[in-house]
Amino acid sequence: MQLYLPIAEVSVNVFVLLGLGGLVGFLSGMFGVGGGFLITPLLMLIGVPPAVAVATGANQVVASSISGVLAQFKRRAVDMKMGAVLTVGGLLGSTIGGFVFDLMNRLGQIDVFVQLSYVLFLGLIGGMMLVESVRSLLRTSKAVVRRGHVHTLVHRMPFKMKFRASGLYISVIPPLIVGAAVGFLSAIMGVGGGFIMVPAMIYLLGMQTKVVVGTSLFQITFVTAYTTLVHAVTHHTVDMMLALLLILGGVIGAQFGARVGVRLKAEQLRILLSLLVLAVAVKIAFDLLLTPSELYSITRVVG
Amino acid sequence: MIRVLLALLLLALPVRAEEIVSGVSQSGVSITTNFDGTAIMVYGAAIRDRPAPDWPLLQVIITIEGPSAPLVVRKKERVAGIWLNRGAVQIASAPSFYAVATTGDIGEILSPAEDAKYHVTIPQTIEAVGSSADQGKYIAALQRIRAESGSYRLAQDSVLLLRQSLFRTDITLPANLVEGPYKVRIFLTRGGEVVDMQESQINVAKAGLERALYNLAMQSPLIYGVLSLLMAMVAGWGASELFKRLRA
């Protein structure tokens, strides 16, 4: 059954979209990630214009993170204060990302820019995760002692603030920067950015792990919602029909993914996730490095 | 008296040896949610007030042309190992869709001069900005990409011509149509010269939900954006609640 997407202006098979949403939902349910980093490249692969893929990807992440953040609220696993600081940074970053997106679009380099961002960030994070989780798998017997209070650069900066739920008394500058970086990526890659924010919260900010996931989901929900609005208002590139199908497929897939996820060990999950992230990075890297079958491309002049 | 007047009136009209009487199977195309392309039938007849000449034979060319738009054609080049868009050529106007159906080899049934005058073949419909050395390559690439995607089509011998008078052809419009007026032109030629030409229009427009969503997204983007978010929240939260109930 073909479906004509009103904004993307392409006709796609409904079952391909539901399947795509379902597959990504399955993986995101299994690993507990938003899945934006899979949705956006996959949409481009089936012929959705990059600008629409990024904007609609952000809209899809809103749906997948909203139910997560509500569940975390019930468990009191959200540091509202930290979340608010991260969100303020995120909105700033997303706005800057929107400008850069426009600039690259005008220069005709948007595809390459989006692809390079994917290769760089997914490669970096995937590689780090893989090394880290393989190491921890090898030394599972040895207990890792983490010092409760380590003074780093983070503690010497001005504008200190108390984040009770996270167990921190640090400057607001590092969380603002982390939030802004993630917001920037959200605007140009159509992702939530959890895969970058979670490690940054643990290793850079030193937050208590029990509030990390909830707080990152809190920030992601607000920032992707804002990103969706910015894209909708300035570029008219959010395709509601496309988003709806992806979300429906995604929610169903996530239920099954979550069931498989609980049967696997945390280390195994992280190794699988890092391999998945790396696979996406390598696939996109090949697209950039191999000689394309068609050197020419056509862009409609907008405005 | 009336007969005389009518006869005078007919004489006063420019005398053409052959004229087209034609029709199109539909005057409009609605792009609805399940739109998957459509076939347009163009049919008609050449009527004449005197016996047709035996030679050269009558030939028919039918074109359908979608709305034109300015474009940029870009070419990728390897820069430090990565394929980047480097060269670019501005195209002032190129049709989003263009199909040519004929009764024979277009090069034989239409002279280059007539082609240039009426802009019949695909290269004649593309207008570049200025002129540069390798512009030709970019225009050729534009034609190649659009031909591969089915947007530009040349179907020779696809017009059925009966007894040198009745003709018909089917032209398929693909699913990825751009909205706007589509120009249908019918040419009668003899010996490469255009004998008569007729033009009509098919309107292609989004309809129903497609129309509503598109208009909302373009005219009230803020409301559309907020609706997209509400939809995402309701769908995301609602569906997970539903599953919780089902499991419980």
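Modeller: Let's begin with a definition: a residue is buried if 20 or more other C-beta atoms lie within 10 Å of its own, exposed if 12 or fewer, and partly exposed in between, with C-beta atoms placed from the backbone. This is a predicted model, where local features need pLDDT of at least 70 and side-chain atom pairs count only at pLDDT 80 or more, while totals for chains, interfaces and linings use all residues. Residues are numbered from 1 along each chain as its sequence is written, and chains are lettered from A and ligands numbered from 1 in the order in which they are written.

Colleague: Why is B:A80 called exposed?

Modeller: B:A80 has 5 C-beta neighbours inside 10 Å, so it counts as exposed. You will find it in the loop between β5 and β6 (82-95) of chain B; helices (H or I, at least four residues) and strands (E, at least two) are DSSP runs, numbered from the N terminus.

Colleague: What makes the phi of B:A80 worth a look?

Modeller: Most residues other than glycine have a negative phi. B:A80 is not a glycine, yet its phi is positive, at about 50°.

Colleague: And why does B:R163 count as exposed?

Modeller: Its C-beta neighbours inside 10 Å number 9, so B:R163 falls in the exposed class. B:R163 also has a positive phi, near 50°, and sits in the loop between β10 (160-162) and β11 (166-173) of chain B.

Colleague: How many residues of chain A and chain B are in contact?

Modeller: On chain A there are 45, and they meet 47 of chain B; contact means that the C-beta atoms, placed from the backbone, lie within 7 Å. The largest share of chain A's side, eight residues, comes from α9(A). By class, that side has 30 nonpolar, twelve polar and three charged residues. Here Ala, Val, Leu, Ile, Met, Phe, Trp, Tyr, Cys and Pro count as nonpolar, Asp, Glu, Lys and Arg as charged, and the others, Gly among them, as polar.

Colleague: In which sense do β5(A) and β5 (residues 68-79) of chain B pair?

Modeller: Antiparallel, over five bridges; two strands pair if DSSP finds at least two bridges between them. Within this pairing, A:Y296 stands opposite B:K75 in β5(B).

Colleague: Into which domains is chain B divided?

Modeller: Domain 1 covers 18-64 + 97-120 + 135-206, and domain 2 covers 207-248; the bounds come from an automatic or database domain assignment. The centres of the two domains of chain B, taken over C-alpha atoms, are 42 Å apart. Six residues of domain 1 of chain B are in contact with six of domain 2 of chain B.

Colleague: How do you know where confidence in chain B is lowest and where it is highest?

Modeller: By pLDDT, the predictor's confidence in each residue, from 0 to 100. Helix α1 (residues 2-12) of chain B is lowest, at a mean of 57, and β7(B) is highest, at 94. Chain B averages 86, and 93% of its residues score at least 70. Where pLDDT is low, the predicted coordinates should not be read in detail. The model as a whole scores ipTM 0.81 and pTM 0.78.

Key: Two residues are in contact if their C-beta atoms, placed from the backbone, lie within 7 Å.
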